Amino acid sequence: MATQTGQPGALARYGTEFREFLEETWLGYALVLPSVVLMGIIIIYPTLRGIQLAFYEASLLSPQQQTFVGLQNFAQLFGAAGFQTALWHTVLLTALAVSIQYVLGLGLALALKEKVPGAALFRSLSMITWVLPIIVMVIIFRFLTQNGFGPVNIILGSLGMETTAWFGEPGVAFPLVVLMHVWRNVPFYAIALMAAMKSIPDTQYEAARLDGAGPLQRFRYITLPQISYVSMIMIVLHVIFTFNNFDIIYLSTGGGPLGNTEVLATYIYKQAFQQYAMGYAASIGVTMLLIMMVFTVVYAHLEARD
Amino acid sequence: MATETNQQTTQATDRSFADRLDAWLAEDMSPRRALAVYAVIGLYMTFLLLPVFYMVLVTFTSAEFLYSSQLVPALSDFTLDNYVTVMSTGLFQQYFINSAIVATTTTAITLVVGVLAAYSLSRFEYPGRSGLLFTFLGTQMLPRVLILIPFFLMMFTIGLIDSLLGIIVAHSVLGIPLGTWLLKGYFDDIPKSLDEAAKMDGCSHLDILGRIIVPMSLPGIAVAGFYTFILSWNDYLFVSILSQTAATRTLPFGLQLFQSQNAVAWELLLTAATLTMVPVIVLFALVQRWVVEGLASGGMKGA
């Protein structure tokens, strides 16, 4: 009896609660809906399709014909010399670029945080390399290192040193690519780290000074610990940017000379849009995604433990 | 005697120079420290800005100078020929207009969609909200080349290949997650007590958004708009697969106009590159204060 009378009452109560809940939240859902729909169609769906494609053999020339091949793409991938080289280049580039960017960014941050006249102007000026279109940066660097009349070669020539088209030199192209990454992103690190430094109260430095701590000690025990959170964000962001970056390398060297600067992103692009091997290309993309997810989780975990 | 007085005067002027420098500087800044700071900043600025400055300099000189293996142009080398040639090239004009249409439309769409989404994420509580926030951020991690393949097939199916609309849609969606995230950071900074007061006065949510939130976060909107604009203006990857003809080419892709497989018209390529960066630099000059501030607070706070 009790349950029989209780049920409709409970149901009605749930109904009212649900209506009240909707009244409070429907607009919230409605406002966020356009962005969710657009992202769902243009980012989420293609990503899921890309993951699915990784298990199929499919050609860009006849996208309708797709054969399920299980893990065959991945098996082929890990045995391919091209993939191994590209993976190694990607990891090396990311490690080199991010660590050099961080150290140089830290240096610039220390200078820009000082209260000298004009610091604000220099803060803004330094950001120019970061907002520049990548194609423009690439054109600048290609011009500077151009054989014959490129300024770098004019200077080297007048010193009696070897001149050549440096982007075409197997041993030089890779360092040049690292240099471009560094040149572009150092200001971003500098501004973010500078802001973190400026939020440290001066009183802490004064107290340390009174305790006899030198500049290096103050930097080590006051500055570094308090910029560690922003440092983590910057490093994770840039590892992801650099690992996934396509434009800088594709536009400057195209992966050459002789595959010396081939990274995963350019390798995928070529596999998909020049070899038309869609499934194979997708399996590389999935591998990249997995590596980045593992990296982010491990890094965040390590940082949380500290 | 004479040398002594001389020395004294030099010392005196030195001291007065140091004094003046000292007076000009903040209280806790010694002149020596200031000079060291300027030296470091100077090194960095040379490294960062000299390449850009040199490119711009060369575009104002004749092609003969560029190919002459000289580093410093003489006064007679300066000319506006390169700009005249590039700006009167029909295809360059076309690409520039395409870029402008794509970037401004993308920015407008992203801002409208982003402001609505950011308001929802900042002011409403509902199940799935934190999941959504995480998804917005997570999309930034996806390799774009992975999205590219199915995205290309999809655009092919719905016939948006080789249309400016297809490019605009792609860029907008790429901009929405970061734009929304930034805007939410700025909206969160506006005290909720203002909303409550407005609600008491009978304002609806849309009134609050239009009359309080948006006007009070104009710097944030400027920054989000700027990020979206450069994302679209600078994009090469998506344009390279979506654009098939000159009618839909934007500048980063269109700069190939001045280079072929074996020959590059450097004087024209550099000039076109300079013109490509001008809108970005001008916009940056307008919003730089807020961009730098936002990177410092709003941008990081959310993350």
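**Notebook: chains A and B, predicted model**

I began with Trp166(A), which I found in the loop between helix H7 (151-158) and helix H8 (170-198) of chain A; helices here are DSSP runs of H or I of at least four residues, strands are runs of E of at least two, and both are numbered from the N terminus. I note at the outset that this is a predicted model, in which local features need pLDDT of at least 70 and side-chain atom pairs count only at pLDDT 80 or more, whereas totals for chains, interfaces and linings use all residues. Residues are numbered from 1 along each chain as its sequence is written, and chains are lettered from A and ligands numbered from 1 in the order in which they are written.

**Trp166(A)**

Is Trp166(A) buried or exposed? I record Trp166(A) as buried because 22 C-beta neighbours lie inside 10 Å; the cut-off for buried is 20 or more other C-beta atoms within 10 Å, for exposed 12 or fewer, with partly exposed in between, and the C-beta atoms are placed from the backbone. Leaving aside neighbours within four places in sequence, I found Trp166(A) in contact with Thr145(A), Val152(A), Val172(A) and Leu176(A), where contact means that C-beta atoms, placed from the backbone, lie within 7 Å. I also looked up Val136(A), which is 30 residues from Trp166(A) along the chain, and the two C-alpha atoms are separated by 18 Å.

**Chain A as a whole**

I listed 14 helices and 2 strands in chain A, and of its 306 residues 39% count as buried. The radius of gyration of chain A is 27 Å, whereas a compact globule of 306 residues would have one near 19 Å; this radius is taken over C-alpha atoms, and the globule rule is 2.2 Å times the number of residues to the power 0.38. Along the principal axes, the C-alpha atoms of chain A fill a box of roughly 100 × 70 × 35 Å. Chain A is divided into domain 1 (2-53) and domain 2 (84-305), with bounds that come from an automatic or database domain assignment, and I noted that the C-alpha centres of these two domains lie 42 Å apart.

**The two strands**

I then turned to strand E1 (residues 56-59) of chain A, which pairs with E2(A) in the antiparallel sense over 4 bridges, the criterion for pairing being at least two DSSP bridges between the strands. A hairpin joins E1(A) to E2(A) through 2 residues, and I found Ala58(A) opposite Gln66(A) in E2(A). How many residues of strand E2 (residues 62-68) of chain A are buried? I counted 0 among its 7 residues, and E2(A) is hardly covered.

**Annotated spans**

From UniProt (unreviewed entry) I took the "transmembrane region" features of chain A, among them residues 164-183 and 280-302, bearing in mind that the positions follow the numbering used here, that feature names are shortened, and that annotations may be inferred rather than shown by experiment. Residues 164-183 of chain A are 70% helix and 0% strand, with end C-alpha atoms 22 Å apart, while residues 280-302 of chain A are 100% helix and 0% strand, with ends 33 Å apart.

**Contact with chain B**

Finally I looked up the interface, where 73 residues of chain A are in contact with 77 residues of chain B. Helix H1 (residues 2-53) of chain A gives the largest share of the chain A side, 18 residues.

Note on methods: Contact = placed C-beta atoms within 7 Å.
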